[in-house]
Structure formats: structure tokens, C-alpha cells
Amino acid sequence: MATSDRTGPGRNASTKLVRAPKTAELIADHLRRNIVRGVLKEGDALPTEVELVKQFGVSRPTLREAFRILESESLIVVRRGSRGGVLVSSPQTSVAARGFGLMLQMSGTTLADVYASRMIFEPAAAEMLARRADPEDVEALKGAVEALTALVDEGTDGADFDEWSAAVFRFHDVILERCGNNTVALVGTVLREVVTRHMARAVASAPDPAGIERQFRRTIRAFNTFIGLVEARAAAEAREFWATHMERAGRRMLWGELGTDTVIDLFV
């Protein structure tokens, strides 16, 4: 008796086609696993193209397609020429930042939305840092605030406010990097370009240019107060202080239309 490949309406509607992975994707998966697990380490050279073609039993175009996949993920560097070869490299956060930034732009995410997300995880990171901080963490915070102070002490004449903004966010970076949670640190790094561009734009369009230096000096005082809380291991107080500081800074950074601007406005 012949069988029919027909299915009922309900079952047919829920059936999804599953695409079989291409051979190049399978090779890329194999090599990626070895890189992630540390079997292949940064700086290691992969076998020659001839050896890999023989190992995987594929054509050179298929192998090169696998290389392109891994190269786009910053997991390998392909060097061409007589001294060429394929070297393992470390994934760059800039790759994730570009992709995530594009998603924020294409979804019409506002700058206020981005800042609200930072208001959630940065105070938590401040608390974690204060709870576990060692002398090296404190020195890193002090070094960041000293760099900002040196810039501000030079005065506003001929000042590069983009550099001032970057110095402010270097302090934020230290909090995230040293809070003891790698996921939080990476999220902060991915958002860094968005927030630094936003701050530079807010400073450049400030309604009171003469007050820019005063704002930065207030920021320096806030940073020094926070360092004192970290040194005292006052975790709850550090979280509350950082949340308050970010709320006040947000009111300055999101004035006028800046809060309703979307991320894409920063990149066009």
C-alpha cells in the first residue's frame, strides 16, 4: 500500500524545513571549537592549505569559504603571499560592538533607552567592585581619574572635548572591567562606542559651553568620592552613590532632543 506524504492542516502548518549546514560551515565549526577550547591558541599557525584539504577531504574553494567565516569572526588571520599562512587570533570586542551597534540602529533604539540599560548594570558593577576591590583596582580607578584631571587642568582653550569624554568613560570602563563579572565587562565594552559618541555630542551641543569645565570638575569630585567608597569596601553605598551619579549625569546628557534621538543619529 502506497503511503501518502500529505499531512493534516495543523501538522503541515507547524512543519519547518531544516537547512543542512554547508561543508564549509562544518569545517569552520570544527576549527572554532578547537580555538575556543584552547586546542589552538592565539598565534598558532594552522596546517597548510594542502594539508587541510587532505584532512577534511574537500576542495580548496570550500576550505577558503570556511576561512572567510572564521576571519569574519576575528578568530583567524589569513596572510597571503609567499610567506602567507593562517594564524589563530583572539576575538575582538570591536566585532561584537559593530554588530550590536547595527542592531541598535536598525531597531530604532533611542539614546535614553541605552542609558537606561547602563543605569541597571553599572551600579551593580560598582557594588561588586567595592565588595572585592584590591589595591590594584583602586590604583586603576585613581589612574583613570588622574588622567581626566590632567586634561581638565589644561583648561578649555583648544581643548579636545572628545578626549575629555573618552577619559570620563575610561573610569566607567575600569569599574566594569574590574567588577569581577566578565559578562558585565563585555556588555559595557560593546556599548562603549555608543555612549562615548553620545557624550561627545552632548558636550559639543551643550547650551552653556562655559559650564563644560565645571561639569567635568563635578564629575572628577564624584569619581574621587566613589574611589573613597571602594577603598572603604562600602559596597551598598558605592552602588547607591553610582546610581545617583549616573541619574544626575543622565539629566545633563539627555537634555533637549538628545534623549529621543536614536542610536543611528550618532553614526550618520
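Guide: The side chains of Lys142 and Glu231 form a salt bridge with an N to O distance of 3.3 Å, where a salt bridge is a side-chain nitrogen of Lys or Arg within 4 Å of a carboxyl oxygen of Asp or Glu. Lys142 belongs to helix α7 (residues 135-153) and Glu231 to helix α10, so the pair ties together parts that are 89 residues apart in sequence. Helices here are DSSP runs of H or I with at least four residues, and strands are runs of E with at least two, numbered from the N terminus. Lys142 is partly exposed because its relative accessibility is 26%, and Glu231 is likewise partly exposed, at 45%. The classes are set as follows: buried means under 20% relative accessible area, exposed over 50%, and partly exposed in between, with a 1.4 Å probe and protein chains only.

The model is a predicted one: local features need pLDDT of at least 70, side-chain atom pairs count only at pLDDT 80 or more, and totals for chains, interfaces and linings use all residues. Residues are numbered from 1 along each chain as its sequence is written, and side-chain values use heavy atoms, with hydrogens and water left out.

A further group of charges involves helix α2. Asp29 and Arg32 form a salt bridge whose closest N and O atoms are 2.6 Å apart. These two residues are three apart in helix α2 (residues 23-36), and are therefore separated by about one helical turn. Asp29 has a relative accessible area of 28% and is partly exposed; Arg32, at 22%, is partly exposed as well. Arg32 also meets Glu73 in a salt bridge, at 3.0 Å from N to O. This second pair links distant parts of the chain, since Arg32 lies in helix α2 and Glu73 in the loop between α4 (60-72) and β1 (76-79), 41 residues apart. Glu73 counts as partly exposed, with 29% relative accessibility. Through shared partners, Asp29, Arg32 and Glu73 are joined into one network of salt bridges. In the whole structure, 15 salt bridges are found.

Apart from neighbours within four places in sequence, Thr219 is in contact (heavy atoms within 4.5 Å) with Val168, His245 and Arg252.

Glu154, Asp160, Asp162 and Glu163 form a negative surface patch. Such a patch consists of residues with over 30% relative accessible area and no salt bridge, like charges being joined within 9 Å. Glu163 is placed in helix α8 (residues 161-177) and is partly exposed, at 41%.

As for the chain, eleven helices and two strands are present, running from the N terminus as α-α-α-α-β-β-α-α-α-α-α-α-α. Buried residues make up 39% of the 268 residues. Of the contacts between residues at least 6 apart in sequence, 73% join residues at least 24 apart. The chain exposes about 15,800 Å², of which carbon and sulfur atoms supply 53%; accessible areas come from the Shrake-Rupley method with a 1.4 Å probe.

Notes:
Patches are made of residues with over 30% relative accessible area and no salt bridge: like charges are joined within 9 Å, nonpolar side chains (Val, Leu, Ile, Met, Phe, Trp, Tyr) within 5 Å. Lys and Arg count as positive and Asp and Glu as negative; His and the chain ends are not counted. The place of a charge is taken as NZ of Lys, CZ of Arg, CG of Asp or CD of Glu.
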